[in-house]
Amino acid sequence: MAPNDSTLTPGDDGAAADDVAGRRKAVRYVVPVAVAGVAAATIGLVPALADSGDPDLPKITAQELIERIAESDTEQLSGTVKISTDLGLPSFGGALNSLVPEAEGGSGSTADPEAKLMELASGTHTLRVAVDGPDRQRLSILDETSEFSLVHNGKDVWAYDSATNEVVHSTAPEEAGKEKGKGEKLPEEFPSTPRELAEEALKAVDDTTSVTVPGTAKVAGRDAYQLRIAPRQAGSTIDSIRIAVDAKTGVPLKFTLSPAGGGKAVIDAGFTKVDFSKPAASTFDFSPPKGAKVTEADEAEAEKGLGKDFEKEFGEGFKDGAGVEDHEDVQGPNIIGEGWTAIAEFESPGGEGLSVPEDGEIPAEAQGLLDSLGDKVTGKFGSGTVFSTRLINALVTEDGKMYVGAVTKDALVDAANR
């Protein structure tokens, strides 16, 4: 990798579609909901722009700055993070929630962290974070009148929703903290801190990307370098990514994803306050409040059982897992292209296209979502509908194929034509 140039490519998020969980998700998600999910997952690949100000710092190459991030041994910090997300999705109030099935293995509690953290995929949120090594972390999402907290302390992981006084308790895998490293473990499903976002983005650096250090910045009162990551390829919906890196510790402090179409950043996440001293041990203490409803996540998952879920959602034919073979035609993605313009091609079960419901009826809420997001297109492939956000676009053809990527509508049509 050249001193001032490097690369970033989108991650491969669909490799496990050949297992049962992958088949279930493929047949139960309404198309536009799947698009929203892909967009949310892509947040893990996109970091951001630093605050104004340009402190006078020693010159550094992109290679050296990336190495400084990788070598950072900071394991203790606390602070406040502000994250703003604008994917360009229309607001449907509670309609969208009614279309999204309960998360795989979810507890059914309002304190389920997987469901709660998906809220970060839109709007502006304030988070408090604290880290003390690989075994102790705390992340809290602050609302005007309530707070959601996720606490990892040794073998215990607690999630608490103060609005409903509900708690979900689970046991962390013995190697969880060691695998994550650098003390940031909460949670892997949805990167939410500047460091997590930076690590996900830098994993994908390759020769389709330009990486430079265009200047410096002041973030949360600290001097920082700006690392700029941008595509060399045409056709991406991403203009650039900026990561503000603390000059002293090498810790990423702020991230911004700018869309190719201009306007407001799609993702902007950064510290407004940060302290690199050891957090108080009491920060990671948690006991369920009096009267709280406590759900043991492991027990809830065991009670559901694979066969029980299939029977409930798809009828007697799926009792005890029977009938899974009927959906073996759900294939993992075929990746077209590379780098920033890579497109994932999926085939829906039986080539059903948008006619997923067996009775041919699409719920009113789903139809409204389809009509709002859809843009009819035609080509050598036939006809289909493009569902668009500011970051992720998806083309669903009438013969049951879906093309998804952080690329323009024209790029999706070209891929389908090929």
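Reader: Which residue in β3 is the bridge partner of V131?

Author: Q137 is the bridge partner of V131. This is a predicted model, where local features need pLDDT of at least 70, side-chain atom pairs count only at pLDDT 80 or more, and totals for chains, interfaces and linings use all residues. Residues are numbered from 1 along each chain as its sequence is written, and side-chain values use heavy atoms, without hydrogens and water.

Reader: How do you know that β2 and β3 pair?

Author: Strands (E, at least two residues) and helices (H or I, at least four) are DSSP runs, numbered from the N terminus. Two strands pair if DSSP finds at least two bridges between them. β2 (123–132) and β3 (136–142) have 6 bridges, so they pair, in the antiparallel sense. Their hairpin has 3 residues between the strands, and G133 takes a positive phi near 75 degrees.

Reader: What makes β3 and β4 a pair?

Author: They have 7 antiparallel bridges, so they pass that rule too. R138 stands opposite V151 in β4. A hairpin of 4 residues joins the two strands.

Reader: Why are β13 and β15 said to stand at the edges?

Author: The open sheet runs β13-β14-β18-β17-β16-β15, with antiparallel pairing. β13 (334–336) and β15 (374–379) each have a single partner strand, so one side of each lacks a neighbour in the sheet. β15 is joined to β16 (382–388) by 6 bridges. There, G374 stands opposite F387.

Reader: At about how many degrees does α11 run to β17?

Author: About 35 degrees. Axes are lines fitted to C-alpha atoms, for helices over the stretch in contact (heavy atoms within 4.5 Å), and angles run from 0 to 180 degrees between N-to-C directions.
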